[in-house]
Amino acid sequence: MTVTAFAPETEERFVLARQVADAVLFEGYVLYPYRASAAKNRLRWQFGVLVPPGWGTECEEHDFQHTECLMEPKAGATLAVEVRFLHARRRTVQRARPDGGFDTVPELRLEDRVLVPWDEGSEERVEVVASVDELLGEGVTHPFRLPAREDTEPVEDEAGRAVGRLVRRCEEISGTVRLSARELDGPYRTMRLTAVVENTSDWTPPDGRGADREAALPHSLVATHLLMALSAGSFLSMTDPPEWAKGAVAACRNLHTWPVLAGEPGRADLVLSSPIILQDSPAIAPESPGALYDATEIDEILALRTAALTDEEKREARGTDERAAAVIELADSMPPEVLERLHGAVRSLREVTGPGPAAPDGFPDEFGVVRPDTPWWDPASEEGFDPAQDRVVVDGRSVGQGSRVELHPGLRRTDAQDIFLRGRTAKVEAVLHDVDGGVHLAVTVEGDPGADVRREQGRFLYFQPDEVTPLEDDV
């Protein structure tokens, strides 16, 4: 008999996997600069969108996901499946009238935020638990339905006066989860598990006319993915199967999704099937300070750029979505030591228990690197240098910390971002010497709203003396 409630031990096993599943669920939810008005936030949700079948023929998106993987269940095992997706919740903004009514408006400006229309994502879960024996033959079919609903939220200004409201509406969605299994020939009790998630909503474009993606999204399952756990037994890796199972793995059909082993490292009793291809045992980096919803960027760059947004840009981001507001708060309150952790981590080091065999002098080691008899750099050579006090002569003028210069990036520059700074003025923050005897000026660009942030974190732009023109003599 199929039931729809997870046992506590199953919930426990899903906790770690849900951390990664959440990253899949909210991938691209709101992109930097986290404002609804930004061009790249106008085309929402790129992954795992299961559209209504009545509209799917008019687009390149699909109304189903089909997962197949191999499992070795033990006798009496059960399979717990959790379908996770976002339900688009369309939000409109209304301003209060003196007579007690409301008018729909394109924006509502408050002291700390600017509220605008937006599609929020409401997290939904569909849970199915069935014995492995039930999956044989015709399998298990579990239909589900999410009714349409509407709610309102009052909006108050800083003085506590009611100035408007937010109206949120979800459209009805229906779907089906189909689970089945078939035993494979061979010496081992191996089964091919098939899990299909379908959008069965009967919505069609009004009057039979074509409709754009915006109209179909409220009736779609967004960022759809599966978590599947065996109570006893294990799954086989689809990316690194044992030799005897490679043929059976190759015969599996996975459409619009891909299954990987998930959960605690070393365990194989849980699978995450997602529209984003992952490796086995995916995990959230321990250095990550929180969700930034824009994994196409680097966390460090996102945090720095977000902290450098203007106050007006931050107000609009806070009014765009609660999750965008949380990103702004995270960037504004991130301690330097947390940001420093985002600068990079090495995870591929292994323990060395003893020295390897000595190579002949001047002979490359196992990595092809020639080891000289003497170090290439002597730390003692740094003595006598002080970036805050050192100065360099440019065009007959002494330039050091505090000097103002005009930037003229030279021909050696290949980054277009440097060329954009040609003719801009900057302040010298330090004079640096490299081990080859070269001199570099660390600068912050004047008029850059993020200059104070860069200065506090010691992240500067670097130019050589022949790429700057002094603007004034130091007094």
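Colleague: Over the ring of which residue does the charged end of R44 sit, 3.8 Å from its centre?

Modeller: This is a predicted model, in which local features need pLDDT of at least 70 and side-chain atom pairs count only at pLDDT 80 or more, while totals for chains, interfaces and linings use all residues. Residues are numbered from 1 along each chain as its sequence is written, and side-chain values use heavy atoms, with hydrogens and water left out. A charge sits over a ring if NZ of Lys or CZ of Arg is within 6 Å of the ring centre and within 35 degrees of the ring normal. R44 also lies over the face of Y29, at 5.3 Å from the ring centre, but the ring 3.8 Å away is that of W118.

Colleague: How many aromatic pairs does the structure hold?

Modeller: Rings of Phe, Tyr and Trp (its six-membered ring) pair if their centres lie within 6.5 Å, and planes under 30 degrees apart count as stacked, over 60 as edge-to-face and the rest as tilted. By that rule, the number of aromatic pairs is six.

Colleague: What is the angle between the planes of Y29 and Y293?

Modeller: F26 and Y29 form an edge-to-face pair, 5.6 Å centre to centre with 80° between the planes. Y29 and Y293 form a tilted pair at 6.1 Å centre to centre, and the angle between their planes is 55°.

Colleague: Is Y29 buried or exposed, and what is its relative accessible area?

Modeller: Buried means under 20% relative accessible area, exposed over 50%, and partly exposed in between (1.4 Å probe, protein chains only). Y29 is therefore buried, with a relative accessible area of 0%.
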